[in-house]
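Thank you all for coming. Please look at the sequence and the structure for a moment before I go through a few of its features.

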Amino acid sequence: MEIIVCKTKEEASRKAAALVAALVKKNPKAVLGLATGSTPIPLYKELIALNKAKKISFKQVRSWNLDEYWGLPPTHDQSYRYFMDTNLFDHVDIAKKSTHVLNGLAKDAAKECAAYEKAIKAAGGIDLQVLGIGSDGHIAFNEPGSSLASRTRLVSLTPQTVKDNSRFFKKAADVPRYALSMGVGSIMEAKRVVLLAFGANKAAAVAGAVEGGVSQFCTASALQMHPDAWFFCDAAAAAKLKLRKYYTVRGEEALARELA
Ligand code: GLP
């Protein structure tokens, strides 16, 4: 696990974007795993800028998203499909048909989830998975208590996540209680993982994920078992890491080697 600690989320996002860009340059047909939430927005802004400057092309890139609210149509302004279109896909040269988000209106959740996993496998698996982190340490919608071997499935959201995400809805009662989500086991199969964490309300989750025990109570901690996981944090999100200074030096060296 490499941990890059930056002063600001903009700087951290620029560095994370450099890793994504290096992959897409090396493999124009890369398979990206993408995330929603407020955290990846500056990363997506960087990728849009790189695409507009013709430094990278998404023409042949394929993408699969982590999760989707159960019961929201793709046209709903809080659906994750809508989020991806408006925050990334509509602004880069990716083919919309190559972008995949779980269907929150699927009649049969289990069938939808199984087909999603099958499609990722058929594409050769995810080369690089972008992740945010919930304030309780969840990745995608793998809430505390999710098996670390879990696969894509219908999940129920904790009251904390509903509360956290209510800021995007008119009122808390509008936040869906269920979602379709890739599992921890599915995420662990990505060849590389890039997790972004910004702000003081993520500091405990980051400390739990990096320095706590591997536990289904903090599903991001499973990434300790991943052979190629990168955390990009701002100073506030990294504040509770005991070995922050050591990680910073080591992480910068690793990133420089990667981008050389
Ligand atoms: C939701 C998403 C996660 C995301 C988390 C944090 O729960 N399913 O993928 O990491 O929100 O969101 P934010 O980045 O807005 O803090």
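Is Lys54 buried or exposed? Lys54 is exposed, with a relative accessible area of 74%, where exposed means over 50%, buried under 20% and partly exposed in between, with a 1.4 Å probe and protein chains only.

Before I continue, please keep in mind that this is a predicted model, in which local features need pLDDT of at least 70 and side-chain atom pairs count only at pLDDT 80 or more, while totals for chains, interfaces and linings use all residues. Residues are numbered from 1 along each chain as its sequence is written, and side-chain values use heavy atoms, with hydrogens and water left out.

Lys54 has a positive phi of about 60 degrees although it is not a glycine. Ala140, also not a glycine, has a positive phi of about 55 degrees, but Ala140 is buried, with a relative accessible area of 11%.

Now to the ligand, which 14 residues surround, the closest being Ser38, Thr39, Asp67, His138 and Lys202; a residue counts as near if one of its heavy atoms lies within 4 Å. From an oxygen atom of the ligand to a side-chain N or O atom, the distance is 2.7 Å for Ser38, 2.5 Å for Thr39 and 2.8 Å for His138.

Finally, the largest nonpolar core has 71 residues, of which Leu43, Tyr44, Leu47, Leu88, Leu195 and Phe232 touch the most other members; such a core is a set of buried Ala, Val, Leu, Ile, Met, Phe, Trp, Tyr and Cys residues joined through side-chain atoms within 4.5 Å.

Definitions and conventions. A polar contact is a pair of N or O atoms within 3.5 Å; within protein, one must be able to donate a hydrogen and the other to accept it, and residues adjacent in sequence count only if both atoms are side-chain atoms.
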